[in-house]
Amino acid sequence: MKITIVGCGNMGLIYARAFLKYNIVSKENLLLAEKNETRKQELLKLNIGEVCVVNDNRISDSDIIILAVKPQDFNELSLELKQVLKPNNILISIMAGMKLERIESVLEQKNIIRAMPNSPAELGMGMTAFTANKNLTMEQIRKAENLLGTTGRTVFFENEDLLDAVTALSGSGPAYFFYILKNMIDAGKEMGFDEATSAMLVKQTMLGSFHLLNTANKSLDELIKAVASKGGTTEAALTSFETNKVGKGLQEGIIKARDRASELSK
Ligand SMILES: NC(=O)c1ccc[n+]([C@@H]2O[C@H](COP(=O)([O-])OP(=O)(O)OC[C@H]3O[C@@H](n4cnc5c(N)ncnc54)[C@H](OP(=O)(O)O)[C@@H]3O)[C@@H](O)[C@H]2O)c1
């Protein structure tokens, strides 16, 4: 298998490492097309693939070409990339909010997959949702899924519009999690703990609770009930959350993120 990653910044490098880790490609068959000089030097030092430019003719010999530049760099990139692509190339774009139709028309290509990963991909614990245009065969989609799955779990959606909701839920999700933790840690500080102690109490609690959720075979409501006894301390917190519409606020925020994602992808 031959793969090209176009734009080898944070995400591009995560994929390069994941493909090598699972022996999906050898470093001789992995092209890293990057324009940033400093980044190029870093990639050369890492020695994880062939560093090249975007108009390198070898790119079109790749079984899959991954587009991992920022959405705002896509137009400039396309001018060069178009010169080397062939009609049967398969492209996977991870550019947030960039619709299949736009990539198709700008690059004049037919076989496009659009994926939305998230940052835990770095640890192989990511969540990636993807969609494909109508030209791709099941076999080609499966091939792409194998690549995307090297960074965590994958889910395929036929309806591209759902990727805006994915962006809001799992794409931005890590930030919501960190936000909740930050507020819990701040509450700990308010009650007299130093930052490190408060962070330890909160982080271990969240880690343990997550595993409990995955193993206890109970619903979230049941798990909440098990901690919150009537008239007790947890109930005092939960009642205050309800009064302050914390849950509703969280849900509304996520829906706002979905709306912003669809606005940006227009
Ligand atoms: N980071 C995430 O958690 C995440 C999650 C989901 C999706 N994404 C998507 O992943 C994509 C990449 O994000 P990132 O955080 O990895 O960005 P990044 O670190 O900025 O990486 C992009 C790289 O591409 C280079 N580049 C720009 N134009 C190029 C061109 N014409 N030819 C070759 N290389 C070019 C950039 O160079 P310069 O620095 O010089 O511009 C940079 O090194 C984005 O579209 C983003 O929406 C990211």
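Ala, Val, Leu, Ile, Met, Phe, Trp, Tyr, Cys and Pro count as nonpolar, Asp, Glu, Lys and Arg as charged, and the others, Gly among them, as polar. By these classes, the shell around the ligand holds 13 nonpolar, 8 polar and 6 charged residues. The model is predicted: local features need pLDDT of at least 70, side-chain atom pairs count only at pLDDT 80 or more, and totals for chains, interfaces and linings use all residues. Residues are numbered from 1 along each chain as its sequence is written.

**Ligand surroundings**
- The ligand is surrounded by 27 residues, of which Gly7, Gly9, Met11, Asn36 and Ala96 are the closest (near: C-beta atom, placed from the backbone, within 6 Å).
- At least two shell residues come from each of α1 (10-21) and α3 (74-84) (helices: DSSP runs of H or I, at least four residues; strands: runs of E, at least two; both numbered from the N terminus).
- The most is given by α1, with 3 residues.

**Helix α6**
- Helix α6 (residues 162-171) is largely enclosed by the rest of the structure, because 8 of its 10 residues are buried (20 or more other C-beta atoms within 10 Å of the residue's own, all placed from the backbone).
- The buried residues of α6 include Leu163, Val166 and Ser170.
- They pack against β6 (111-116), β7 (126-132), α7 (173-190) and α11 (246-264).

**Nonpolar core**
- Ile5, Val6 and Ile66 touch the most other members of the largest nonpolar core, which has 53 residues (buried Ala, Val, Leu, Ile, Met, Phe, Trp, Tyr and Cys joined through C-beta atoms within 7 Å).
- The largest share of this core, 7 residues, is from α1.
- Leaving aside residues up to four places away in sequence, Ile66 touches Ile3, Thr4, Ile5, Val6, Tyr15, Ile92 and Ile94 (contact: C-beta atoms, placed from the backbone, within 7 Å).

Definitions and conventions:
Buried ≥ 20, exposed ≤ 12 C-beta atoms within 10 Å, placed from the backbone. Contact = placed C-beta atoms within 7 Å.
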